[in-house]
Amino acid sequence: MRVHGGIKVRRRVYESEIAQANARDMLMEDFGDLCGYCGKNRRFFREHFHVDHFVPQSVDGERVRDYSNFVWACPKCNLVKSNQWPTGDRAVSHRGGVGFVDPASEEFDRHLFRDEAGYIQGRTALGEQMCRLLNFHLRRTELFWKVEQLCRQMEQLRQKRQKQPLEREELEFYMDLDTMLDRILDELLDGRE
Ligand SMILES: [Zn+2]
């Protein structure tokens, strides 16, 4: 499975300079509202996502307002990635299995994937190294993925319920899931990630 599930993350071509704050709506759309790195869905987790600079500002000060250098990212990925840029060369994102792959590129899926349990794993040495740089081995990437699947099921049931009464079993499931999801989301977001 892909890290971003069924959603393809691709940046539009935007050539003018743009401030991070003004790029939020476009990024939200281009990234399907998913964190580019861990695939977390902002809508379900009600987090305030950040605009990450793929090549950090400290490495390339000229791309601070360059849309093609922006990544829609959850707070955790943005903070963990921070100023890390292993190649040290602003023009080279990775070399010899070390560095980062742009999440909005086709190349991303060649190095990282999501296993059946929902964990993000490396497919290549570079992918594995990215998992370490982003602390995926220490994070509950599978838990967020599973909760997201439940949120989707819940959404479907909610929509169905608006059109027709649910069967008794469906209604019981809906009520249980609703209560459980509220608790899980509260706990997940309380401790942050
Ligand atoms: Zn993330």
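## Overall build

Of the protein's 193 residues, 45% count as buried. The model is a predicted one. Along the principal axes, the C-alpha atoms fill a box of roughly 60 × 35 × 30 Å.

Seven helices and six strands make up the secondary structure. Read from the N terminus, the order of elements is α-α-β-β-α-β-β-α-β-β-α-α-α. Take the contacts with a sequence separation of 6 or more: 62% of them join residues 24 or more positions apart.

## Two domains

The chain is divided into two parts. Domain 1 covers residues 20–139, and domain 2 covers residues 142–190. Their centres, taken over C-alpha atoms, lie 29 Å apart.

## The domain interface

Interface size is often quoted as the accessible area that is lost when the parts come together. Here, domain 1 and domain 2 bury about 1,200 Å² between them. Carbon and sulfur atoms give 60% of that area. On the domain 1 side, the residues that lose the most area to domain 2 are Phe44, Phe45 and Arg46. Together they supply 49% of what that side buries.

Counted by contacts, twelve residues of domain 1 meet 14 residues of domain 2. The polar links can be listed too. Two residue pairs are in polar contact across the interface, both at pLDDT 80 or more. Helix H2, residues 42–45, gives the most to the domain 1 side, with three residues. By class, that side has four nonpolar, three polar and five charged residues.

One salt bridge is counted between domain 1 and domain 2. Arg43 and Glu155 form a salt bridge, with their closest N and O atoms 2.7 Å apart.

Helix H5 spans residues 125–133. Its buried residues are Leu126, Gly127, Gln129, Met130, Cys131 and Leu133. An α-helix has 3.6 residues a turn, so residues three or four places apart point the same way.

What do the buried residues of H5 pack against? The partners include two helices, H3 (75–81) and H4 (108–111). Strands take part as well: E3 (94–95), E4 (98–99), E5 (112–114) and E6 (120–122). After H5 comes Asn135, which has a positive phi, near 60 degrees.

Note on methods: Residues are numbered from 1 along each chain as its sequence is written. This is a predicted model: local features need pLDDT of at least 70, side-chain atom pairs count only at pLDDT 80 or more; totals for chains, interfaces and linings use all residues. Side-chain values use heavy atoms; hydrogens and water are left out. Domain bounds come from an automatic or database domain assignment. Contact means heavy atoms within 4.5 Å. Buried area is the accessible area (1.4 Å probe) that two parts lose on being put together, summed over both. A salt bridge is a side-chain nitrogen of Lys or Arg within 4 Å of a carboxyl oxygen of Asp or Glu. A polar contact is a pair of N or O atoms within 3.5 Å; within protein, one must be able to donate a hydrogen and the other to accept it, and residues adjacent in sequence count only if both atoms are side-chain atoms. Helices (H or I, at least four residues) and strands (E, at least two) are DSSP runs, numbered from the N terminus. Ala, Val, Leu, Ile, Met, Phe, Trp, Tyr, Cys and Pro count as nonpolar, Asp, Glu, Lys and Arg as charged, and the others, Gly among them, as polar. Buried means under 20% relative accessible area, exposed over 50%, partly exposed in between (1.4 Å probe, protein chains only).
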